Amino acid sequence: MAQNVASYLLADDQRRMLVLAGKGHVSGRSGIPNRVTRRTGLRGTTVATFDPAARLFNEADYMVLVSEQTLPASGIMGVMLDERDGGDVEVVDFGTGSPAQAAGVKKGDYIVAINGKPVRSFLDVKVLMIDQLPGNEIELTISRDRLLGERSKDSYRFALAAATN
């Protein structure tokens, strides 16, 4: 997120941005504000923090605090991916019980679409999978190297597994 904020701000010196970030994304060296400053030289202002012991706590005009929420389980393909030069997303390994592997996906395959929507980067995979639940069926389109440098496109349909901690 910090890189996207920095890119947006550096594109035009008249640009401004408000970032709403959850706890753990604001403070410390790896927090979004410090990472944006390192990338741009611009110093932002943290309006409020989640930490009740922090100096700024309760000094903001508006603050949204909600009780901790349990999110539904994520549906997963059970694949380990690597983004190659140019943004291609390669399957480099599988988790135990991978539904993608059971459906026929192989190491070295490149993901080119999920449910008919193009995949041009790892971010596309994240966005296309964000609302997928365990048991949802997806269609994964891959590109695979064949003999003599040829590439083929194949599609596989399978139900997603549940993510485990």
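What share of the contacts in the protein chain with a separation of 6 or more comes from residues 24 or more positions apart?

Hi everyone! What we have here is a predicted model, where local features need pLDDT of at least 70 and side-chain atom pairs count only at pLDDT 80 or more, while totals for chains, interfaces and linings use all residues. Residues are numbered from 1 along each chain as its sequence is written, and side-chain values use heavy atoms, leaving out hydrogens and water.

Back to the question: the share is 44%, where a contact means heavy atoms within 4.5 Å.

Now the overall picture. The protein chain has four helices and eight strands. Those are DSSP runs, numbered from the N terminus: H or I with at least four residues for helices, E with at least two for strands. Reading from the N terminus, the order is α-α-β-β-β-α-β-β-α-β-β-β. Of the 165 residues, 27% are buried, meaning under 20% relative accessible area; exposed is over 50%, and partly exposed lies in between, with a 1.4 Å probe and protein chains only. The accessible surface comes to about 11,600 Å², and carbon and sulfur atoms hold 51% of that; the areas come from the Shrake-Rupley method with a 1.4 Å probe, and for residues only the protein chains shown count as cover.

Let's look at a pair of helices. Two packed helices are described by the angle between their axes and the distance between the axes. Here, α1 (residues 2–10) and α2 (residues 32–40) have axes that come within 9 Å and cross at roughly 45 degrees. Because of that angle, α1 is oblique to α2. From α1, the contact uses Ala2, Gln3, Val5, Ala6, Leu9 and Leu10, and from α2 it uses Ile32, Arg35, Val36, Arg39 and Thr40. Seven of these residues are nonpolar, two polar and two charged.

Next, some strand residues. Not counting residues up to four places away in sequence, Tyr110 touches Arg84, Asp88, Val89, Glu90, Thr141, Ile142, Ser143 and Arg151.

Met80 sits in strand β2, residues 79–83, and is partly exposed at 37% relative accessibility. Leaving aside neighbours within four places in sequence, the contacts of Met80 include Val91, Val92 and Phe94.

One last stop. Most residues other than glycine have a negative phi, and most peptide bonds are trans. What is the phi of Asn115 near? Phi is near 50 degrees there, a positive value in a residue other than glycine. Asn115 lies in the loop between β4 (110–114) and β5 (117–118) and is partly exposed, at 34% relative accessibility.

How values were computed: Axes are lines fitted to C-alpha atoms, for helices over the stretch in contact, and angles run from 0 to 180 degrees between N-to-C directions. Angles under 35 degrees count as roughly parallel, over 145 as roughly antiparallel, 65 to 115 as roughly perpendicular and the rest as oblique. Ala, Val, Leu, Ile, Met, Phe, Trp, Tyr, Cys and Pro count as nonpolar, Asp, Glu, Lys and Arg as charged, and the others, Gly among them, as polar.
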